[in-house]
Amino acid sequence: MLSRVLLVTALAAFSSAAFAQAQELNLYSARHYQTDEALYSNFTKLTGIKINRIEGKEDELLERIRNEGANSPADVLLTVDAARLAKAHELGLFAPVSSKVLEARIPAHLRTEDWFSFSTRARVIVYNKLSVKREEVQTYESLAAPGMKGKVCTRSGSHPYNLSLLASIIANQGEAQAEAWARGMVANFARAPKGGDTDQIKAVAAGECQVATANTYYIARMMRSDKPEDRKVIERIGVVWPNQATSGTHINVSGGGVLKHAPNREAAIKFLEYLASDEAQRYFADGNNEWPVVAGLKISNPALETLGSFKADKLPVRNLAMYQSKAQMIYDRAGYR
Ligand code: FE
């Protein structure tokens, strides 16, 4: 009798341990947006799977996963920019995932075999309404034209956002054109590259320079801000969707994948599928002012509504990644620091 009781107890202990293991997910995330909290807690509510989150800077997380090797507890890596996702792929950190849900929900140009985009952001032109006419800045090419001498400000050429923009120009127009563009930009600099996207937007509003490129969520964030100084910036700038008559506006993504040594692979795939659900997609849009990758989803973000709709460049994200090192070489040659 005693031995039977022991056996039952042992079995119960075993199955509860197995249960506990299946109900966890280790997420390495380079997204640091407060609104993402709701994403994670809702996933746990829906599935019972607890998320252990480790946040870090993009490149540090990649390094960490690489160093942890086969012992890495990481199940999913979430990060921003196609360039960084591609780097994780090249380092062999991701494992292929075949999921009918992800294939059905995410357009083919926004996914690869081992990493997936969950939101998009556009790189648009911001101009000073007092000194620049909207018609003058309809394309990325127009920023590199002789008429813009001394008017352009920019963040560094080695930042992934600008590398991906140049990668899209290489993919669409070839290397020679891309280099001519980079050189034209350098010739038009109002000042040496410095700061982030928000700094360029502010410099344009202040008249320190007249045009810049910036990611849309930075603009939307200022549009939704209560601070009077942000309101003033927004009043002074115009926003253009570049290249509407040609290739479309360059977009980049945030996304992620399941890691090769994921101890909780099943939970990891479930989590990616959750990120492609209507609910999670709305969080990306309404919380962080990005666009959902799922087509036709109704969102309620007044800033994105004001920005309106546009034609996006349909270049596959894998091609952006493919031309990163070429883009860096071109910027270096052109002196776009
Ligand atoms: Fe950013």
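Which residues line the second largest cavity? They are Ser168, His250, Ile251, Asp313, Leu315, Val317 and Leu320.

## Ground rules

What you're looking at is a predicted model, where local features need pLDDT of at least 70, side-chain atom pairs count only at pLDDT 80 or more, and totals for chains, interfaces and linings use all residues. Residues are numbered from 1 along each chain as its sequence is written, and side-chain values use heavy atoms, with hydrogens and water left out.

## The two cavities

The structure has two cavities of 30 Å³ or more. Here a cavity is a set of points, on a 1 Å grid over the protein atoms alone, where a 1.4 Å probe fits but cannot get out; lining residues have an atom within 4 Å of a point. Grid points are joined across faces, edges and corners, and a volume is the space filled by probe spheres set on those points.

The second largest cavity holds about 50 Å³ of space, and its lining splits into four nonpolar residues, two polar and one charged. For these classes, Ala, Val, Leu, Ile, Met, Phe, Trp, Tyr, Cys and Pro are nonpolar, Asp, Glu, Lys and Arg are charged, and the others, Gly among them, are polar. The largest cavity comes in at about 60 Å³. Its lining includes Tyr140, Glu141, Asn172, Asn243 and Thr249, and Ser168, His250 and Asp313 are on that list too. By class that lining has two nonpolar, eight polar and two charged residues. H7 is the top contributor to the lining of the largest cavity, giving four residues; helices (H or I, at least four residues) and strands (E, at least two) are DSSP runs numbered from the N terminus.

## The largest pocket

Now for the open space: a pocket is an open set of points with protein on both sides within 12 Å along at least five of seven lines. The largest pocket holds about 510 Å³. It has 21 lining residues, and those closest to its centre are Thr120, Trp291, Pro292, Val294 and Phe310. Strand E8 (291-292) and helix H14 (302-307) each put at least two residues into this lining, which by class has 13 nonpolar, five polar and three charged residues.

Domain 1 (21-119 + 255-296) and domain 2 (121-250 + 312-334) both contribute to the lining of the largest pocket, so it lies between them. The domain bounds come from an automatic or database domain assignment.

## Iron site

Three tyrosines hold the iron ion: Tyr161, Tyr217 and Tyr218 coordinate through OH, at 1.9 to 2.1 Å. Donors are N, O and S atoms within 2.8 Å of the metal (3.2 Å for Na, K and Ca), and water is not among the atoms, so sites may look incomplete. In sequence, the donor spacing reads Y-x55-Y-Y. Tyrosine 217 and tyrosine 218 are both buried, where buried means under 20% relative accessible area, exposed over 50% and partly exposed in between (1.4 Å probe, protein chains only).

## The disulfide

There's one disulfide, meaning a pair of cysteine sulfur atoms within 2.5 Å. Cysteine 153 pairs with cysteine 209, S to S 2.0 Å. Cysteine 153 sits in the loop between H6 and H7, and cysteine 209 in the loop between helix H9 (197-206) and strand E5 (211-215), so the link ties together parts that are 56 residues apart in sequence. Both cysteine 153 and cysteine 209 are buried.

## Positive phi

Most residues other than glycine have a negative phi. Aspartate 81 has a phi near 85° and is buried at 0% relative accessible area. Asparagine 243 has a phi near 55° and counts as buried at 3% relative accessibility.
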